[in-house]
Amino acid sequence: MFLKQIFLGIVGVSFGMFAAGGVFTVLISVGLIPRFAGKMHVSRKVFLFEEAVVCGTLFGDFFSVFDRYGHIGDLVIKNQVFGKGNTEAVWHVLGLAVLMVFGLFVGIFVGCLALAIAEMLDTIPIFSRRIGFRHGLGIAVLAMALGKAAGSLLYFAQAVYLHGGG
Amino acid sequence: MVESDKIPSMLKNEMGDLGILRINGGFFAIISIWIVDRLGRLASMDLVCEDVRKERTEGMAGEIVYIKAERNVEVMEDDVLFKDMAKVYCADSHVAAKVKSLKVHRFSNEEQKRQVFSILKLIEMIQQACPGVTVENLGETDILVERVNVEKHKGFGQTLKIIFVACISFFGTAFTIMAFHNDVGINQVFEKVYELVMGEASSGYTILEFTYSIGLAAGIIVFFNHIGGRRITKDPTPIEVEMRVYEKDVNDALIETADREGKVIDVS
């Protein structure tokens, strides 16, 4: 029993290390964070961003692997953190704000990630070369962004995730 | 030097001899000697002058100026000096100082933020300032000069940007890892592995989940090579490396674009 637990422990550590390696190699090779830092002219603080990446990963890991302990909302409401009676109302607003911040930044990140991967595979240069595309790249990019937003809204509105688009 | 020294003295000697011969000839001879002597002196002076001039240009002509041009330069001032754009070495320190202090460009237009220079233009400038020197460039062939505002590097806006990027990094990666776990169905995988090893159903929160999280943390820390602002080894971190790669790509693209649009300052 004990030996089995040790074995499982070793297995778990290896899983974790390789998952980290795999996920972050993709993330680094698309060069997303350098690009943000470069655009914003804050490349001096790369160290801080790496810390944010590390903390963000651990945060996400906690909420997805230990989701039973991650019910902050339940915890807050059960303990009546903001005083009896009005906790629910306060938490409703506060929770919405947290979700908004989370959603906004995640959206920015995923949007950039999707395009960065497309760009890494040279989709846009190849296409524009094939069809002799010279001007109006800005419009194409805008169309792409609008398309992504529309697709995303449609996906959630039509609950595509429930039946895989079928 | 030897040659030119000899010629006037020989002339003088000849004149002297002539003079001795002519003294007996009377007053006319004396005058003529005087004139010849004067002429001789003038000639010799001329020769000396030419000599000095020759030495001056020759002193520079033999020199080799080594320059190592940078790829990307940031300047705070409007005036761009040569030393901002390249490292200069020359055995003759006067030549080196002269080259370093050459004014290459002036950002007179407020709108203009960057300018690309061709190394040929710089070589031409050196050649004009110090005729006859040989220029050896050991660095880049195109130089991107950017004018930066000093105030741009601090202030509230900057802090806001840093927080913004840090937030994207934090929430973005949190989401990425959650989406990844969701994609691979990590809880089911763990339950399956637990069942295979222990021969009993998993409670959902076993040592496997716990050690997985530890492994994940260890993996990232090893990958990014630092904990809480302290480096584990001396190597640059992956994002630092990627940052340099990105900067290099951007510089290349800017130079290429300027080249295509014909905005490079080059020799005509």
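Q: How much area do chain B and chain A bury between them?
A: In this predicted model, the two chains bury about 6,100 Å², 79% of it on carbon and sulfur atoms. Buried area is the accessible area (1.4 Å probe) that two parts lose on being put together, summed over both.

Q: Which element gives the largest share of chain B's side?
A: That is H6(B), with 20 residues. Helices are DSSP runs of H or I, at least four residues, numbered from the N terminus.

Q: How many salt bridges does the rule find across the interface?
A: Zero between chain B and chain A. The rule asks for a side-chain nitrogen of Lys or Arg within 4 Å of a carboxyl oxygen of Asp or Glu.

Q: New topic. How many aromatic pairs are there over all chains?
A: The structure holds 12. Rings of Phe, Tyr and Trp (its six-membered ring) pair if their centres lie within 6.5 Å; planes under 30 degrees apart count as stacked, over 60 as edge-to-face and the rest as tilted.

Q: What about Tyr155(A) and Phe156(A)?
A: They form an edge-to-face pair, 5.2 Å centre to centre with 80° between the planes.

Q: Is Phe156(A) buried or exposed?
A: Phe156(A) is exposed, at 53% relative accessibility, while Tyr155(A) is partly exposed at 35%. Buried means under 20% relative accessible area, exposed over 50%, partly exposed in between (1.4 Å probe, protein chains only).

Q: How are residues numbered?
A: Residues are numbered from 1 along each chain as its sequence is written, and chains are lettered from A in the order in which they are written. Local features need pLDDT of at least 70, and side-chain atom pairs count only at pLDDT 80 or more, while totals for chains, interfaces and linings use all residues; side-chain values use heavy atoms, leaving out hydrogens and water.

Conventions
Helix = DSSP H or I, 4+ residues; strand = E, 2+ residues; numbered from the N terminus.
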